Amino acid sequence: MATQQTQVLGRALLTPAVALLFIWMIVPLAMTIYFSTLRYSLLDSETWGFVGLENFRYFLTDPAFLTALRNTLVLVGSVLAITILLGTPLALLLDQQVVGRSIVRLMVIAPFFVMPTVSALVWKNLLMHPVSGLFAWVATLVGATPIDWFNDAPLLAVIVIVAWQWLPFATLILLTALQSQDEEQKEAAEMDGASALSTFIYLTLPHLARPITVVILIETIFLLTVFAEIFVTTGGGPGLATTNIAFLIYSQALVQYDVGNASAGGLVAVVIANIVAFFLVRIVGRNLEA
Amino acid sequence: MKHVLSALLGAATLLGAAPSVAQTTLTIATVNNGDMIRMQALTNEFTAKNPDINVKWVTLEENVLRQRVTTDIATKGGQFDVLTIGTYEVPIWAKKNWLIPLDNLGSDYDTADLLPKIRDAVSASGKLYAAPFYGESSMMMYRTDLFQKAGLTMPEKPTWDFVIDAANKLTDKSGGVYGICLRGKAGWGENMAFLTAMSNSFGARWFDEKWQPQFDKPEWKKTLSTYVDLMKAAGPPGASSNGFNENLALFNSGKCAMWIDATVAASFVTNPKESKVADKVGFALAPNAGLGKNANWLWAWNLAIPAGSKKAAAAEKFIAWATSKDYTKLVASKEGWANVPPGTRTSLYQNPEYLKVAPFAKLTLASIDAADPNKPSVQSVPYVGVQYAAIPEFQGIGTSVGQQFSAALAGSSTVDAALAAAQTATEREMKRAGYIK
């Protein structure tokens, strides 16, 4: 009887916190849903009114939408591939005993702590600039024509910048996992005469499966909303070459001041994120069980 | 305890209230352009004369300023007491009663002295809704030394054929000199300002009288293909990300033989402190295609007061000060006549001291006079505005069309594809906004 009372009391005491969190989450969502059913342009107050699903129809049939969706998926996919394919060997290297290991680790992790806008500016003006950038300088040194990154390969340029930022994250997670690997198992494998490669494939890789899943899940959540890097470097262009869903919603809201349409776009983005998450969890999430 | 607290509170209130004799604090939103930064530095002169007014500045980059100011006024946020807005916003916002008409600028303000084209642009139904701070058109700036070396003479009213021919002759890519620098960065106030002005000279227009977009017409095709071909043959690399500031830097470092852009650039390119080619710059009108229209635009940055402001009287005092003839004299006495804000007053263009230090003054005035917001193109149009259409939807449409055109310049899209995409996108927006039934 006493336990039941404590339980009730405990729940009662938790209620304010839960309610606050609930309101915190539900109010913005409810307002977005409400706005998405309105014709609500900041610049044109005479035509406000309920339009039902018209905003959704309009957003989904926008010729820019499919391009933005494709760009989003390409961006997320490429950055995931780069960070994991480069992060794993990097983590293996950092796991070795070398002189000054802690300093090397710090340097490798540093990009993650640079603000996205700052790193985008650095890449744009100091590294990738076709006239005054470091890459252009190197290219002219070896007698090649400098690449005009943001003109000729804009999406690739953005992918490189974002991948540079997220590589430390993947490396860090994988490195921590490596350090928890059972040393005795590795020694046993060595004594049995297993090569380094097969030790990696049959021992290390299965051990890393779970942290890789974590990296994929967490990075996907953040990469779906990449914005600052695009805003600073290419402004979504040229044309629509680097417009992703987040940037498209931004331009609806703050270039066209169309609140209704931007809200509809925001909800579409939520749905897309959920679809992606659903498949991700089905494909890789099994690793998290057990 | 309670007594101590209330005593402390009382003392604090007294202390806070004592020095402020009905102080008014004005929050002013402005652009980070050189002339506005100078105004900010001279604010002390204003507050010295008006001790009851404090001034707080919010200085932002053009696009950010526009977003902040527009969302603030549309949602009736009331953050700002004085707004810096362009000629594009004035007629739209005046019609919505978002601005307070400026009726009390003072007896010595001399409204009649404002250049008629600029005054019209900031007025609605005969009332001034904003006061122009500086005004501009576009014109041709070119390198006299390069022209002389190539044996070319810039006519006073160049045609596009001459400009294309000269640009090809003057381009020396291995020497790092490009025949012509033009805007390519996407945005309704960036590449579209230039391209719309250029299209006017080719006889194109944004909309016909029924608001039907005109990008499928031969005039636009001629405009865009001329622009893309010219820039590919004689433009600098990376042109699709060059806006006003990027081109200014290129011209000042001697990399452009010609540049068509805002008349305010003239005082920067002839300033030896900023420009390597200061003594080798010539000026001419913006080019034409023989149809009677030059590629001129018309723009002014203006100060205005949002409706509902509780500090309108103080705000109006500030606006009268910052846009008066006395302010011009103040800048001249501190920084020299070449640095005064140009393009708003007739008297400035009759001032011999200004004309002496500003070789570009005559052409600036001629260019402003040549632009006609009510009849921007050879064909008749349903909108007002030279390098824009003064409707609320234009910012969004102009920017998405600008993106298509910058893709054509970057080579990731063809001229035909860019025009077709611009036509579809504009038609969609205009249908949605209810212009096309």
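Guide: Two residues are in contact when they have heavy atoms within 4.5 Å. Keep in mind that this is a predicted model.

Visitor: How many residues of chain A and chain B are in contact?
Guide: 28 residues of chain A are in contact with 26 residues of chain B. Together the two chains bury about 2,300 Å², with 48% of that on carbon and sulfur atoms.

Visitor: What makes B:Arg428 and A:Asp62 a salt bridge?
Guide: The rule wants a side-chain nitrogen of Lys or Arg within 4 Å of a carboxyl oxygen of Asp or Glu. For B:Arg428 and A:Asp62 the closest N and O atoms are 4.0 Å apart, and the pair is listed as a salt bridge.

Visitor: Which helix of chain A gives the largest share of the side that touches chain B?
Guide: That's helix 2, with 3 residues. Helix 2 (54-60) and helix 12 (245-254) each supply at least two residues of that side. By class, the side has 10 nonpolar, 11 polar and 7 charged residues.

Visitor: Why is B:Pro306 called buried?
Guide: Buried means under 20% relative accessible area. B:Pro306 has 8% relative accessibility, so B:Pro306 counts as buried.

Visitor: Where does B:Pro306 lie?
Guide: In the loop between strand 10 (298-304) and helix 13 (312-322) of chain B. Beyond its sequence neighbours within four places, B:Pro306 is in contact with residues including B:Phe80, B:Trp98 and B:Ile100.

Key: Residues are numbered from 1 along each chain as its sequence is written. Chains are lettered from A and ligands numbered from 1 in the order in which they are written. This is a predicted model: local features need pLDDT of at least 70, side-chain atom pairs count only at pLDDT 80 or more; totals for chains, interfaces and linings use all residues. Side-chain values use heavy atoms; hydrogens and water are left out. Buried area is the accessible area (1.4 Å probe) that two parts lose on being put together, summed over both. Helices (H or I, at least four residues) and strands (E, at least two) are DSSP runs, numbered from the N terminus. Ala, Val, Leu, Ile, Met, Phe, Trp, Tyr, Cys and Pro count as nonpolar, Asp, Glu, Lys and Arg as charged, and the others, Gly among them, as polar. Buried means under 20% relative accessible area, exposed over 50%, partly exposed in between (1.4 Å probe, protein chains only).
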